[in-house]
Every structure is written in structure tokens, then in C-alpha cells.
Amino acid sequence: QQCKDANGFDKIILRELRGFSAEVYLYGGQVMSWKNELGEELLFVSSKANFKHPKSIRGGIPICFPQFSNLGSLEHHGFARNKFWTLDPNPPPPTTSTSRAFIDLILKNSEDDTKSWPHRYEFRLRIALGPTGDLMLTSRIRNTNTDGKSFTFTFAYHTYFYVTDVSEVRIEGLETLDYLDNLKNKERFTEQGDAITFESEVDKVYLSTPTKIAIIDHERKRTFVLRKDGLPDAVVWNPWDKKAKTISDFGDDEYKHMLCVQAACVEKSITLKPGEEWKGRQEISAVPSSYFSGQ
Ligand code: TA6
């Protein structure tokens, strides 16, 4: 179902039989809503989010491409989140029967980005809702350069999970790993101790992580399970109170209700020769904590 939001942005609503749903904007190719069968929102979107081209929208799942953060000369997190994507009217059929509710969005090089990133590419983003409400994002990026040139990029699914109270949230699957700390000049450290909990600002890139990460919201008795493929790293971000006040499109107290955990490829960039394709996938599910039998 395709319709317009209150700001005139085109969005597509995906629904699966048991009542899970997702809303995807053509602007940014961004998932903006993911609801369970009770109609509860599982993603965070700021009440101060800007819905104005060319600004990015604070919340949901922005796509960071072709640059994560400020790792290169492009704008922060690259340009894909600030572009209007198109809906493929005839997408290739899914390879499994588990993803009947799906769409493919396409982004291709345009005149205005050739100055800063002089490459031809085709980015196909498949967004699918599985039979138990799992939200699956699969990116296929192809180098379509005709001048023989390779290109290099970094990438993230900048997922804003909605949590009841971040100080009661625990992440499992990242303990003992090495990470780059964005709050300490991207220096490399090793995570100590047990599961990861939150009591201050965090901005870390965990390196070469397991493919499964659990985000446990104790208050809500809900566990988000993030599975990933082709994306070795995982970024964890919460601005906490002081930084929150410096972000104009973010409410002062909203940090309590969000946690970004992102399947990403940050430390080692990806290089594609002409004709080559890269695939990176993130799948998230939300289950009652009592059903989650752990790591
Ligand atoms: O993913 C973490 C991060 O790179 C942080 O450093 C923080 O700035 C955040 O993303 C938000 O970036 P944005 O450009 O959306 O304000």
C-alpha cells in the first residue's frame, strides 16, 4: 500500500498476516515504523525529527552509504539517507517463501552526487516482513561504472530501537570484543566484563562481531534479536543527556527511549570493481524476553 505522510512524503506500508507492519519512506529508503501484532512501535523516531529534504530524518533505520560517519570527505553518514529512492514495480521474486511482504527500492547515481562521488552504482534495497514479523533489510550494491574504475564505501543500517528505559537495557553478544571509541578519537579498546549496559554517552564501533546480537529491554520484557550477514561490525550509540541537548532534531530527554545498534561495515571498507556486487543483510526480530533462550 503506497500513500503520503502528513509532510507529503511517499511511504509504503507492509503488513503481514498476524498484524506486524512496517512503513518505508521513499525519502532515504528509510524504514520509519515497525510495529508488532499489538500495534506497539518498536523503532524510535524523534518528536523533533525534520521531515524536510535534504535533511535526514532522526529515527527509524537511516541507510549510511557510501560513507559511515565522517570517515571520508562526504557528508556525515553519506548521501543515501537524503535521496529520493524509487520503488521497483517488478522486483525479482524472493528466494524463500518466508518473505511475502516485501518491496525493492532502488537508488542510482545522480548528477548532483557525481561531483563528490564520481561513480555509477545501483543500490537495490529489499525490505521484507517475515511471517513472525521479522524485519529484513538486504542491500545489494553494484558498481556500474563504465570507465573501469573501482569504488570503495563504508556502510551501516543506523537502527534506532525504541526502548522503555535505556539504563535498564543490556546488550549480549558484544562482550570481550575490540571496539573503536568515537568518544576517544576512534582509539581501539577491548570490552571488559559481561553484557553491555548503559549509564552514560556511548559511541562505539564493535569489530568483527558475532552474527547475532541481543538487545534486552528489561522493563518491557522484550528482546530484540539482530542477525547480520556481510556486515562484520556493529555500532552502538546513545548520546545521553548532555550530547542530546546539542542535537537540534532530538528532544532533551529522548535519549532514555532509544538505543542505536547497527549492523555495519566500518573498519574495513568494501571495494567493488565494475560489474561486482556486494550484499549486506540485517534482520531484526522482537520477542518476549521469556521466549528468548539466550546466547
Ligand atoms: O552511529 C553513531 C553516530 O555516528 C554518532 O557519532 C552520532 O553522531 C550519530 O551517528 C548520529 O549522526 P547524525 O549524522 O544522524 O546526527
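In the predicted model described here, Glu122 has Arg142 in strand E9 as its bridge partner. Strand E8, residues 121–129, and strand E9, residues 135–143, are paired in the antiparallel sense over 9 bridges. Between the two strands of this hairpin lie 5 residues, and in the hairpin Gly133 adopts a positive phi near 85 degrees.

Strand E9 has a further partner to look at: strand E21, residues 277–288, is joined to E9 by 8 bridges, and the two run antiparallel. Here Thr138 can be found opposite Arg281 in E21.

Another part of the model holds an open sheet of 4 strands, arranged in the order E1-E2-E3-E4 with antiparallel pairing. Its edges are formed by strand E1 (2–4) and strand E4 (30–35), each of which pairs on one side only. From one strand to the next, the twist averages 25 degrees. Within this sheet, strand E3 (residues 21–25) is connected to E4 by 5 bridges, again with the strands running antiparallel.

Finally, the ligand deserves a visit. Around the ligand stand Ser56, Ser69, His76, His77, His158, Asn182, Asp203, Val235, Trp237 and Cys260. What is the make-up of this shell in terms of nonpolar, polar and charged residues? The shell around the ligand comprises 3 nonpolar, 6 polar and 1 charged.

How values were computed. Residues are numbered from 1 along each chain as its sequence is written. This is a predicted model: local features need pLDDT of at least 70, side-chain atom pairs count only at pLDDT 80 or more; totals for chains, interfaces and linings use all residues. Two strands pair if DSSP finds at least two bridges between them. A residue is near a molecule or strand if its C-beta atom, placed from the backbone, lies within 6 Å of it. Ala, Val, Leu, Ile, Met, Phe, Trp, Tyr, Cys and Pro count as nonpolar, Asp, Glu, Lys and Arg as charged, and the others, Gly among them, as polar. Axes are lines fitted to C-alpha atoms, for helices over the stretch in contact, and angles run from 0 to 180 degrees between N-to-C directions.
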